[in-house]
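Here is a short report on a predicted model. It covers a helix pair, a chain interface and a sheet.

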Amino acid sequence: MSIALRGVSKQFGEFAAVENINLDISSGALMALLGPSGCGKTTLLRIIAGLETPDSGEVLFDGQDATSWPIADRKVGFVFQSYALFRHMTVFENVAFGLKVKRRRDRPAASEIRKKVQELLALVQLEWSHDRFPAQLSGGQRQRVALARAMAVDPKVLLLDEPFGALDSQVRHELRRWLRRLHDELHFTSIIVTHDQQEAIEVADTVVVLNRGRIEQLGVPEEIYDLPTSAFVHRFLGQVNELPVKWRDGRAYLGPIDISAPDVLEPADGKQIALVRPHEIEIGPGPGWPATVVAVRVIGPIVRLDLCAEGQPIHEPLEAEISRERFEAESFAVGQKVALRFRRWQVYPAPA
Amino acid sequence: MGRFLLIASALLFLGVFLVLPLLAVFAQAFAKGFGAYAIAISEPMAWAAVKLTLLVAAIAVPLNLVFGVAAAWAIAKFDFRGKSTLITLIDLPFAVSPVIAGLIFILIFGNNGWFGGYLRAHHIRVVFAVPGIVLATIFVTFPFIARELIPIMQAQGKDAEETALSLGATGWQTFWRVTLPNIRLGLLYGVLLCNARAMGEFGAVSVVSGHIRGLTNTLPLHVEILYNEYNYTAAFAVASLLALLALLTLAGKNFLERRQPELRHAARVMRNRTQRRSR
């Protein structure tokens, strides 16, 4: 099922949670709504689910106006960060819930319900758990039960509100990969809300970055990461080093490095900053911006170096990342003088 | 040693302020032998009081049950204008003296009250009759269930209900299958407290009852009348009936808890919660 939002706005008191959102989600897509807390991503998801009513605008399901449809008619599966399992029911009863509350003429026979629940529990790899109570399962297992329960009613859309937010990083990583496989096998439309850029990039086909109730940028994960259109997106999608752009005689400089380019224009007023990701900094002996290594940290396959560039404040070292192999070949050490070059950077107007 | 002192002082306190009075009631009741006790409690006026007390509780408790659940549900699961006013209003009967509560109903339904003329013309008796006693009892006991449920329901949030709705359950199914099982124990405590107060209420009921023996006398009122007539044995005998009703309620609660393990678990959680609150 395809979903479209047309000019959707929602206020909570004085606070504009989402403002004039237009968004198209094609059938079978896996879209991530990414943003810091309070950016409106959860409100947007709840509006799609029918748990909130927008103040204005329309929600279209397969082109039909679904704005006023009750949640039960929308055929959406909703998964909460808190799992929201029914504590007084066993895993089996939890998963069977959506089938058992159907009207009598639509309700499958008890044997069919049993079979379907077994299949779903097999799908989430929890066949053994059906007589357990939620309190007897781990967080990751509970969230898988919640997913099986949501899928029991054959939803056309799966809506996940920070589904892995309460889990530790190992389990989170496994569940993300598992969710992606599940999505590819079952072909429903999925929307996942997250504040974790890694999660969004890893799992989604399309990432929507939200900020203060508005869409900041929309695109495939690589595009969002490589070609951010604003400093906000650039910062939100990973570590960045922020450097002031200095203009001398009509040319732009980062330290001693000339970064002049046809699309970098001298601002009439105000300042500019350049954002550089840690892996976009090159370190070597040759020409460049003189700097001193002030810290070295080996993190598995990568090595992170803190570098104090000449003319930069000492307490704000730049962060650079190089591969373990290169680090071992060059053997940089604390106190060593090096030269920096930038492989990539992006210039934005500095915030006022 | 410290622990021993703590436990001993708790037990001593309990003994002096709870067990001793309870024993005294029964001791006084049986002071003139079992025969006198039997006569006192089998007297028709005493039985009329027992029946009236049970009738009033049987009407007031279910009504407050429905109201309490509805109010707690509305307050915990929805946001609406006037919510804080509603919470304050629920507490009103706790804040108002029961005597004033009784007088309110005299003012509204009494002979010279707002609806006095209308009621007299239609031969409906509210004050100095059973309806007045029921109304006063409902008023006085109405915060118990709602107050017990609101914090529980607020703590549980509405994720489970929203999930049930998204799975196609109707509002009614969601209430019976998801909400109610989650609040069972709090509800049980609320009902017990409400019931205990409904049976024991004196002040408000005393004002609206008119003390007509055999007709509008509840157990607490009957005890007072007997006591004022220096009929101590009978007064304590009837008081012992009231105490017995309270003990039965407690036994009933224990029985329910024992029969349902998850209730017992919930009771433990509740007890921990209360402990934490009181700390």
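Two residues are in contact if their C-beta atoms, placed from the backbone, lie within 7 Å. By that criterion, Ile90(B), Asp91(B), Pro93(B) and Phe94(B) in α4(B) meet Pro143(B), Ala146(B) and Arg147(B) in α8(B). By class, this contact of α4(B) with α8(B) holds five nonpolar and two charged residues, and no polar ones.

The geometry of the pair follows. Helix α4 of chain B spans residues 83-95, and helix α8 of chain B spans residues 143-156. They pack with their axes 9 Å apart, at an angle of about 130°. Angles over 145 degrees would count as roughly antiparallel, and 65 to 115 as roughly perpendicular. α4(B) and α8(B) are therefore oblique to each other. Their crossing is left-handed.

Next, the chain interface. Chain B puts 14 residues in contact with 18 residues of chain A. On the chain B side, α9 (159-166) and α10 (171-200) are the elements that give two or more residues. The largest share, six residues, comes from α9(B). The classes on the chain B side are tabulated here.

| Class | Residues of chain B touching chain A |
|---|---|
| Nonpolar | six residues |
| Polar | five residues |

Chain A has an open sheet of four strands, in the order β2-β1-β4-β5, with antiparallel pairing. β2 (15-25) and β5 (64-65) of chain A stand at the edges. Each has a single partner strand, so one side of each lacks a neighbour in the sheet. Strand β1 of chain A, residues 3-12, pairs with β2(A) over seven bridges in the antiparallel sense. Gln11(A) stands opposite Ala16(A) in β2(A).

Note on methods
Residues are numbered from 1 along each chain as its sequence is written. Chains are lettered from A and ligands numbered from 1 in the order in which they are written. This is a predicted model: local features need pLDDT of at least 70, side-chain atom pairs count only at pLDDT 80 or more; totals for chains, interfaces and linings use all residues. Ala, Val, Leu, Ile, Met, Phe, Trp, Tyr, Cys and Pro count as nonpolar, Asp, Glu, Lys and Arg as charged, and the others, Gly among them, as polar. Two strands pair if DSSP finds at least two bridges between them. Axes are lines fitted to C-alpha atoms, for helices over the stretch in contact, and angles run from 0 to 180 degrees between N-to-C directions. Angles under 35 degrees count as roughly parallel, over 145 as roughly antiparallel, 65 to 115 as roughly perpendicular and the rest as oblique. A crossing is left-handed if the near helix is turned anticlockwise from the far one by less than a right angle, and right-handed if clockwise.
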